[in-house]
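Subject: Structure handover and notes

Hello,

Here is the structure for your files. My notes follow below it; please read them with the model open.

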Amino acid sequence: MLRIVLMVLRNLPFVPYWWWQLCHTAKNPEAYSEQKRWKLLQKITTHANKGGRVTIESWQEENIPESESFMFFPNHQGMFDVLALIESCPRFFSVVNKKEVSSVPLLKQVFKIMGAYEIDRDNLRQSMGVIQQVAQDVKNGRNFLIFAEGTRGKQGNKTGAFKGGSFKSAYKAQCPIVPVALMNAFIPFDKNSIRKVTVKVIYLKPIPFEEYKDMKTVEIAALVKQRIDETIAAHSPSADG
């Protein structure tokens with residue numbers, strides 16, 4: 001990917017040390033506080049994004065819960081999504097990622113530092129175990145991110161179908177659901193270009209358990225998708241006239 005090459009070249013004097021820090025921390029993440037791990041990830045991703053000519057615009061951060069655990073549910077545009085959220089989010093969170101990306105360099109180390117869980121979509125028993133574990137972790141105070149589309153979209157800023165099963169962990173944990181609208185996050189890593197790009201990360205108003213407790217998971221999925229679609233439409237260039 002041309003963008004990754006540019007990120008490395010423009011930060012070349014620091015890359016060896018940062019890579020060592022990532023690998024060293026990823027080997028034993030529990031030895032470091034969440035604050036220290038988050039500070040490291042934000043430092044590296046912020047410099048990498050700047051070097052790669054990517055600007056992150058963060059909107060409505062006040063919607064991120066401050067005193068209770070929560071789950072993010074963004075639309076899934078590309079492999080850059082998590083890096084955009086790391087730079088913009090002030091609170092530590094972990095991720096549920098598909099096993100196919102667990103071996104990708106950089107993402108592999110980042111996910112280990114975050115304490116991420118990988119899910120095997122072809123193994124129902126393993127998937128259910130992850131759902132249960134995430135729900136318990138959220139009850140214990142951790143924050144998580146799940147991509148409800150399951151795989152990254154191929155339609156630019158248009159969202160795909162949101163899967164109801166993705167919301168089972170949130171329902172079991174009875175936690176706030178925070179929809180997140182991502183825009184242009186497909187460009188940095190999924191387009192063969194190094195042109196300047198602005199990625200928007202828009203945190204929507206949390207949906208408390210009291211609001212969705214009587215809904216089926218497919219209905220929750222539809223609600224979250226609707227709110228993200230409306231937000232993307234409102235922030236698109238055409239919406240400005």
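Relative accessible area is used throughout with these cut-offs: buried is under 20%, exposed is over 50%, and partly exposed is in between, with a 1.4 Å probe and protein chains only. By that rule Asn184, at 22% relative accessibility, counts as partly exposed.

Before the rest, the basis. This is a predicted model, in which local features need pLDDT of at least 70 and side-chain atom pairs count only at pLDDT 80 or more, while totals for chains, interfaces and linings use all residues. Residues are numbered from 1 along each chain as its sequence is written, and side-chain values use heavy atoms, with hydrogens and water left out. Helices (H or I, at least four residues) and strands (E, at least two) are DSSP runs, numbered from the N terminus.

Asn184 sits in the loop between strand S6 (177-183) and helix H8 (187-190). Its phi is positive, about 70 degrees, although Asn184 is not a glycine. Gln60 also has a positive phi, near 60 degrees, and is likewise a residue other than glycine. Gln60 belongs to the loop between strand S1 (54-59) and strand S2 (71-74). With 31% relative accessibility, Gln60 is classed as partly exposed.

The sheet

In what order do the strands of the sheet lie? The open sheet has 7 strands in the order S1-S7-S6-S2-S5-S3-S4, with mixed pairing. Two strands are taken to pair if DSSP finds at least two bridges between them. S1 and strand S4 (117-119) are the edge strands, each pairing on one side only. From one strand to the next the twist averages 25 degrees. For angles, axes are lines fitted to C-alpha atoms (for helices, over the stretch in contact), and values run from 0 to 180 degrees between N-to-C directions.

S2 pairs with strand S5 (residues 144-146) in the parallel sense, over 2 bridges. Phe72 is opposite Leu145 in S5. S5 also pairs with S3, again parallel, over 3 bridges, and here Leu145 is the bridge partner of Val95. On to S4: S3 runs parallel to S4 and is joined to it by 3 bridges, with Val96 opposite Tyr117 in S4.

Is S3 enclosed or open to solvent? 5 of its 5 residues are buried, so S3 is largely enclosed by the rest of the structure. Ser94, Val96 and Lys98 lie on one side and Val95 and Asn97 on the other, and all are buried. In general, side chains in a regular strand alternate between the two faces of the sheet.

Lys98 in S3

Lys98 is part of strand S3 (residues 94-98). This lysine is buried, with a relative accessible area of 17%. Its side chain makes a polar contact of 3.3 Å with that of Thr151. A polar contact is a pair of N or O atoms within 3.5 Å; within protein, one must be able to donate a hydrogen and the other to accept it, and residues adjacent in sequence count only if both atoms are side-chain atoms. Setting aside residues up to four places away in sequence, Lys98 touches Ile119, Arg121, Gly150 and Thr151; contact means heavy atoms within 4.5 Å.

Helices

Helix H4 (residues 81-88) lies across S1, S2, S3, S5, S6 and strand S7 (197-203), at about 70 degrees to S7. Helix H6 (residues 124-139) packs on the sheet and touches S2, S3, S4 and S5; its direction makes about 150 degrees with that of S4.

Cysteines

How many disulfides does a search of the whole structure find? It finds 0, a disulfide being a pair of cysteine sulfur atoms within 2.5 Å. The cysteine sulfur closest to that of Cys89 is in Cys175, 14 Å away, which is too far for a bond. Cys89 is buried at 0% relative accessibility, and Cys175 is buried at 3%. Cys23 is partly exposed, with a relative accessible area of 22%.

Cys175 is in the loop between helix H7 (168-173) and S6. Cys175 and Phe70 are 105 residues apart in sequence, yet 5.4 Å apart in space, C-alpha to C-alpha. Beyond its neighbours within four places in sequence, Cys175 has contacts that include Ser69, Phe70, Met71 and Tyr212.

Regards
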